[in-house]
Amino acid sequence: MLPVVVVHGGAGHIPKERAELSTIGVKEAARTGYAILQKGGSAMDAVVEAVTSMENNPRFNAGRGSVLNMKGEIEMDAIVMDGKSLASGAVSAVRSVANPVQLARLVMEKTNHLCLTAEGASKFARSMGVPEVPEESLITDYAKMRWKKNLDPDANPVECQMGKMGTVGAVAVDIDGNIACATSTGGMINKMEGRVGDTPCVGCGGYADNKIGAVSPTGHGEAIMKVTLSRLVLFHMEQGKTPEEASDLALAYMKERVEGLGGVVVVDPKGTWAARFSSLQMSWAAAQQGELHFGLYHGEDFVEPVQEHT
């Protein structure tokens, strides 16, 4: 059953033309992570590279393609967690970095801290030799169009979130049985300056523990934080539930308790995985035993070989 990698490209409601591109993007990300695992690479390497691939893809709300805050600026959050040691690293409200997930990994590996924010995170990035990129290079025309539309006082906040996939994330187990997760996001459309969502918070935007499993969520950040969604899924798994049952219980609780919709990708130490969501759609893909599984709507599980025929 090992190795395995599962990725998501965000939960929500998206138009058909963007949905197809999102599905292509998550499949590519899963293949990227799986190729690393097949060569004996670590779960951490796999999740970081899978998420990097989605940050570089303008179809997703992370890295290039991130949504804009009220001022029309980008503020991105990311987290990584290593299930072997429970080491974690995160960044919040970062601007001129192409791949916040890689910066989050550096926070984990090179500092004694778990999370660095805003200008402090930028200073750390410079000290680590992470190239600064112009903020404009991360802003797409689509993000600008959505931002302008949402400035209208009559804008409908629900409709505003449509058409943009949310957070991206990945979970993996490598051939040594080590587990990791990574999550990255541009946050909420037209959020207040300085708003930080669930993504960089341990137990909310991700959690990985070799003894139980790993989770990467997507959805409304404030709702996810109120129920510490990632840790809640793993709590149910500790009680003996399967990844799928645990995911459904946690998502149902979030919906009933705080009216929050979202989704999760989950894996346990044996390589059993799940991709579950309470929203209308969630683009996801999983690679295991040479097969690539993927879907977008409830009940979908398409399968094709991981190796693409050229």
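## Charges

The chain carries 29 positive side chains and 37 negative ones, and the centres of these two sets sit 2 Å apart. Keep in mind that this is a predicted model.

## Overall build

As for secondary structure, you're looking at nine helices and 13 strands in the chain. The radius of gyration is 17 Å, close to the 19 Å that the globule rule gives for 310 residues, so the chain is as compact as a globular protein of that length. Along its principal axes, the C-alpha trace spans about 50 × 45 × 45 Å.

Take the contacts in the chain with a separation of 6 or more: 65% of them are between residues 24 or more positions apart.

How much of the chain is buried? Of its 310 residues, 58% count as buried.

## A closer look at helix H3

Helix H3 covers residues 100-110, and eight of its 11 residues are buried, so the helix is largely enclosed by the rest of the structure. The buried residues are Pro100, Val101, Leu103, Ala104, Arg105, Leu106, Val107 and Met108.

What covers these buried residues of H3? The cover includes two helices, H2 (43-55) and H4 (118-127). Strands are part of it as well, including E2 (76-82), E3 (87-94), E4 (115-117) and E6 (179-185).

Technical notes:
Residues are numbered from 1 along each chain as its sequence is written. This is a predicted model: local features need pLDDT of at least 70, side-chain atom pairs count only at pLDDT 80 or more; totals for chains, interfaces and linings use all residues. Side-chain values use heavy atoms; hydrogens and water are left out. Helices (H or I, at least four residues) and strands (E, at least two) are DSSP runs, numbered from the N terminus. The radius of gyration is taken over C-alpha atoms; the globule rule is 2.2 Å times the number of residues to the power 0.38. Buried means under 20% relative accessible area, exposed over 50%, partly exposed in between (1.4 Å probe, protein chains only). Contact means heavy atoms within 4.5 Å. Lys and Arg count as positive and Asp and Glu as negative; His and the chain ends are not counted. The place of a charge is taken as NZ of Lys, CZ of Arg, CG of Asp or CD of Glu.
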